[in-house]
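Here is a brisk report on one protein model. Look over the sequence and the fold before reading on.

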Amino acid sequence: MKILFASVLLLVGSCATIRHSEKINNLKNSITYKDESIVTKYLNTINKDDLKVHLKEVASDKYNGRKTGEEGHNQVCNYIRNQYKYLNISAPESHPNYYQKVPKEALPNDLNASQNIIAFIEGSEFPEEYVYISAHSDHEGVINGEIYNGADDNSSGTSALLEIAEAFNIAAKDGYRPKRSIVFLHVTAEEVGLYGSKYYTENPIFPLKNTIATLNIDMIGRVDYRHKDNENYLYLIGADKISTELHFIAQKANSTFIGLNLDYTYNKDTDPNRYYYRSDHYNFASQGIPVIFFFNGEHEDYTKPTDTEDKINYTLLEKRTKLVFATAWYLANSKTRLQKGIL
């Protein structure tokens, strides 16, 4: 009787395993790009030369390291805003100057008031569903007389976000407006504790309950210590923590269009670096919103005045930016809304 009982349990366990694997396979197989040639066309509007123009500007000495609340950061915000104006990408109706003021009392250390920058492209079929793409615009400022340019951290993400917005805008003008609205969010005060994204999620311009996912770009222009011999990589963090489907969408975007080696080392719950909690996506994840943090890891110039534009790997920056674009394209254009839940 005991042997029979054990056999039954084994059978049940095996069936359960099969059912789970079938669910995984069915989910993977459901994720397809039926418009590969169209995605490729607009993906290829993203190029390293244009990325370099934005990155060199944002990381230049004249902005004095872009410290939150200081004039240099304010000027960079104006540069970013002017790019959206030039492209004729809309500001939210409630914030027609593209700025969401982050008041002094919402910031630490007696910093001056600052601002998040918000632009968006309205969806054609599901305009009240939102895909966010975010990057922080601030950095360390001037310390002991040295300018901390933050070329990788996070001029790389800022330039990527501007190029992604332009690619979606070109597609929209050509008649390929995204089905869902896409919000391009440049947040302030990341370096002092994620305060800009915290303020946004506590005072959202678009309802968070209708947010599909947030793709956060923070440092994607360099190569870290672990990948000196194989530079064709990118860390993905958080993709599978709220939505298994999001995890597989990013993998499909990569295998279909890009071909990076996706590294999940820092995605582990046991990761002592705890990067999942250390950039702006986390304030969205804490609201139950699926997120991905795109990240190249720390390098010898991380948070140093030597993080300068001349050390950026623009070929890699282009590939990584294209991965974010392809992932966002799927999320914005899928017939069905991204499903939360872990399989």
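Does Thr 265 count as buried or partly exposed? Thr 265 counts as partly exposed, because its relative accessibility is 22% and buried means under 20%. The model is a predicted one.

## Thr 265 and its surroundings

Thr 265 sits in the loop that runs between β9 and α8 (281-285). Neighbours within four places in sequence aside, its contacts are Arg 226, Tyr 235 and Asp 271. The C-alpha atoms of Thr 265 and Glu 122 are 36 Å apart. Along the chain, 143 residues separate Thr 265 and Glu 122.

One of these contacts, Tyr 235, belongs to a covered face of β8. Tyr 233, Tyr 235 and Ile 237 are buried on one side of β8, and Leu 234 and Leu 236 are buried on the other. In β8, 5 of 5 residues are buried. Strands β8 and β9 run parallel and are joined by 3 bridges. Tyr 235 has Asp 263 of β9 as its bridge partner.

## The sheet

The sheet is open and has 8 strands. Their order is β1-β2-β6-β3-β7-β10-β8-β9, and the pairing is mixed. Strands β1 (99-102) and β9 (261-263) stand at the edges. Each has a single partner strand, so one side of each lacks a neighbour in the sheet. From one strand to the next, the twist averages 25°.

Strands of a sheet pair through backbone hydrogen bonds, in either the parallel or the antiparallel sense. Strands β2 (residues 114-121) and β6 (residues 180-187) take the antiparallel sense, over 5 bridges. Ala 119 has Phe 184 in β6 as its bridge partner.

## Helices on the sheet

Helix α5 packs on the sheet. It touches β2, β3 (126-136), β6 and β7 (211-217). The direction of α5 makes about 150° with that of β3.

Helix α9 (residues 314-333) also packs on the sheet. It touches β3, β6, β7, β8 (233-237), β9 and β10 (291-295). The direction of α9 makes about 175° with that of β7.

## How α5 meets α9

Two packed helices are described by the angle between their axes and by the distance between the axes. For α5 and α9, the angle is about 50° and the axes are 10 Å apart. The crossing of α5 and α9 is right-handed.

On the α5 side, the contact is made by Ser 156, Ser 159, Ala 160, Ile 164, Ala 167, Phe 168 and Ala 171. These meet Leu 317, Thr 321, Val 324, Phe 325, Ala 328 and Trp 329 in α9. By class, the contact of α5 with α9 holds 10 nonpolar and 3 polar residues, with no charged ones.

## How α5 meets α3

Helix α3 (residues 48-58) packs with α5 at an angle of about 135°. Their axes are 8 Å apart. Helices α3 and α5 are therefore oblique to each other, and their crossing is right-handed.

From α3, the contact takes in Asp 50, Leu 51, His 54, Leu 55 and Val 58. From α5 come Ala 151, Ser 155, Ser 156, Thr 158, Ser 159, Ala 160, Leu 162 and Glu 163. The residues of the contact of α3 with α5 divide into 6 nonpolar, 5 polar and 2 charged.

## Two asparagines in α5

Asn 169 lies in α5 (residues 151-173). Its relative accessible area is 8%, so Asn 169 is buried. Leaving out residues up to four places away in sequence, Asn 169 touches Leu 87, Ile 89 and Ile 121.

Asn 154 is also found in α5. A cis peptide bond joins Asp 153 and Asn 154, with omega about 5°.

## Positive phi values

Which phi value does Arg 66 have? Phi of Arg 66 is near 55°, a positive value in a residue other than glycine. Arg 66 lies in the loop between α3 and α4 (71-87). With a relative accessible area of 1%, Arg 66 is buried.

Ala 189 is not a glycine, yet its phi is positive, at about 60°. Its place is in the loop between β6 and α6 (195-202). Ala 189 counts as buried because its relative accessibility is 0%.

Key:
Residues numbered from 1 in each chain as written. Predicted model: local features only at pLDDT ≥ 70, side-chain atom pairs only at ≥ 80, totals over all residues. Heavy atoms only, no water. Helix = DSSP H or I, 4+ residues; strand = E, 2+ residues; numbered from the N terminus. Buried < 20%, exposed > 50% of the residue type's maximum accessible area, 1.4 Å probe, protein only. Contact = heavy atoms within 4.5 Å. Pairing = 2+ DSSP bridges. Axes fitted to C-alpha atoms, helices over the stretch in contact; angles between N-to-C directions. Left-handed = near helix turned anticlockwise from the far one by under 90°. Nonpolar A, V, L, I, M, F, W, Y, C, P; charged D, E, K, R; others polar. Parallel < 35°, antiparallel > 145°, perpendicular 65-115°, else oblique.
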